[in-house]
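Have a look at the view below, and then we can go through it together.

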Amino acid sequence: MTSSLPDNWQSWLVNTLAVRDRDGLRRAPASIDSMQATRVQRDGQWLANFCSNDYLGLAAEPALQDALIDAVRRVGVGAGSASLVCGHHREHAALSEELADWLGVEAVLLFGNGYLANLGVLTGLAGRGDAIVQDRLNHASLIDGAMASGAKHLRYAHADASAAEQRFASLPESISKRVLVSDGVFSMDGDIAPVADLVVVAKRQQALFILDEAHAFGVIGSEGRGSVSHATLANDAVPLRIGTLGKAFGVYGAFAAGPRVLIDALQQLARPAIYTTALPPALAAVTRVALKHVRNDQWRRDQLQANIAQFRTGALAQGWRLMSSETAIQPILIGDTASANALSAELLARGFWVSSIRPPTVPVGSARLRVTLSSAHSSEAIAGLLNALAELTPRFLSNQN
């Protein structure tokens with residue numbers, strides 16, 4: 001087929017992809033044919049899935065499947081419009097109220113997904129003449145939101161509250177609207193932010209503290225309330241928390257939670273919430289069922305912690321370099337991209353799907369296999385992954401040493 005692209009664009013695009021291919025950085029989605037809890041069928045092959053964010057095993061929970069079927073029959077599929085036009089359903093209102101009750105906050109605003117939530121919050125609350133200070137390893141959506149806002153954007157050394165305060169100290173006193181942003185659990189390292197220390201910094205600097213709890217909600221804290229609860233802080237210690245519904249909740253969507261005046265302002269200022277079609281009301285309905293499981297099924301978190309302990313004990317005993325994480329995200333640090341890709345391919349051939357994470361998602365020289373665990377993983381499945389890793393230690397650990 002003849003390309004309709006201008007020649008200079010055709011050349012640039014071809015060269016861009018060629019460089020990605022050369023460096024082992026080109027990525028493409030893999031199509032899944034079928035899914036059964038922690039097992040997926042990909043290209044006709046059944047694989048043990050160790051790269052999903054389904055931390056509590058709710059994505060394939062029969063109760064959620066039944067709830068979704070019932071909700072679609074009651075309220076249809078699509079919302080039909082943006083929330084501020086005619087797309088806001090009573091299921092959306094009920095979900096917002098129940099999420100607010102769970103977190104002990106005044107109000108919640110729903111978004112289409114976590115990326116849109118972070119983009120909408122940061123561009124809605126900050127702009128030219130303001131400042132955003134955030135952790136160097138925050139999720140890409142937080143970095144993109146800060147850059148899109150037009151605010152002065154500073155990043156501090158990972159998980160270092162004193163470095164965050166130094167960044168604020170470097171700002172002119174004329175900048176009065178200041179924002180401090182951190183992940184609660186970091187998506188590629190799995191470690192937990194020093195939330196209590198950051199709360200102190202935010203108060204001293206009169207900064208609005210925003211915490212992205214995408215990988216913390218459901219996983220840590222009382223009733224899965226995230227890193228604020230994990231740090232035994234009051235519900236209102238962090239003014240604004242952002243969560244996603246497609247990870248531990250097993251569904252889709254996102255939300256911002258905080259004081260009513262802040263949420264009401266975001267309803268007016270966060271363009272991704274204003275100018276996009278609302279979440280399907282059926283998804284809001286099934287998410288209410290998921291929330292009940294998140295709150296009440298402590299056994300899921302207990303099983304997840306047991307699975308984390310089993311994996312870490314086994315992998316460390318074999319000599320693999322694990323990162324300092326007590327959460328469901330357990331990265332095996334490899335270093336160079338080629339070796340990480342090769343290890344992922346070897347595990348895939350043995351029936352284990354563990355994604356290779358490489359630049360630009362992580363810094364150059366820190367490519368890794370990001371093992372993610374679920375409460376739905378059986379002890380036998382984890383033992384199988386560890387056995388497969390043990391077979392590969394002679395080849396890959398010798399490269400690391």
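## Helices across the sheet

In this predicted model, helix 7 (residues 161-169) lies across strand 5, strand 6, strand 7 (178-183) and strand 8 (207-212), and it runs at about 155 degrees to strand 6. Helix 8 (residues 195-205) lies across strand 6, strand 7 and strand 8.

| Helix | Residues | Angle |
|---|---|---|
| Helix 7 | 161-169 | about 155 degrees to strand 6 |
| Helix 8 | 195-205 | about 155 degrees to strand 8 |

Seven strands make up an open sheet with mixed pairing, and their order is 4-10-9-8-7-5-6. Strand 4 (107-111) and strand 6 (152-156) each have a single partner strand and stand at the edges, so one side of each has no neighbour in the sheet. On average, neighbouring strands of this sheet are turned by 20 degrees against each other, direction ignored.

Asp 135, for instance, has Tyr 156 in strand 6 as its bridge partner.

Ser 187 sits in the loop between strand 7 and helix 8. Is Ser 187 buried or exposed? Its relative accessible area is 7%, so Ser 187 counts as buried, the cut-off being under 20%. Leaving aside residues up to four places away in sequence, Ser 187 touches His 139, His 215, Ile 329 and Arg 370.

Definitions and conventions
Residues are numbered from 1 along each chain as its sequence is written. This is a predicted model: local features need pLDDT of at least 70, side-chain atom pairs count only at pLDDT 80 or more; totals for chains, interfaces and linings use all residues. Side-chain values use heavy atoms; hydrogens and water are left out. Two strands pair if DSSP finds at least two bridges between them. Helices (H or I, at least four residues) and strands (E, at least two) are DSSP runs, numbered from the N terminus. Axes are lines fitted to C-alpha atoms, for helices over the stretch in contact, and angles run from 0 to 180 degrees between N-to-C directions. Contact means heavy atoms within 4.5 Å. Buried means under 20% relative accessible area, exposed over 50%, partly exposed in between (1.4 Å probe, protein chains only).
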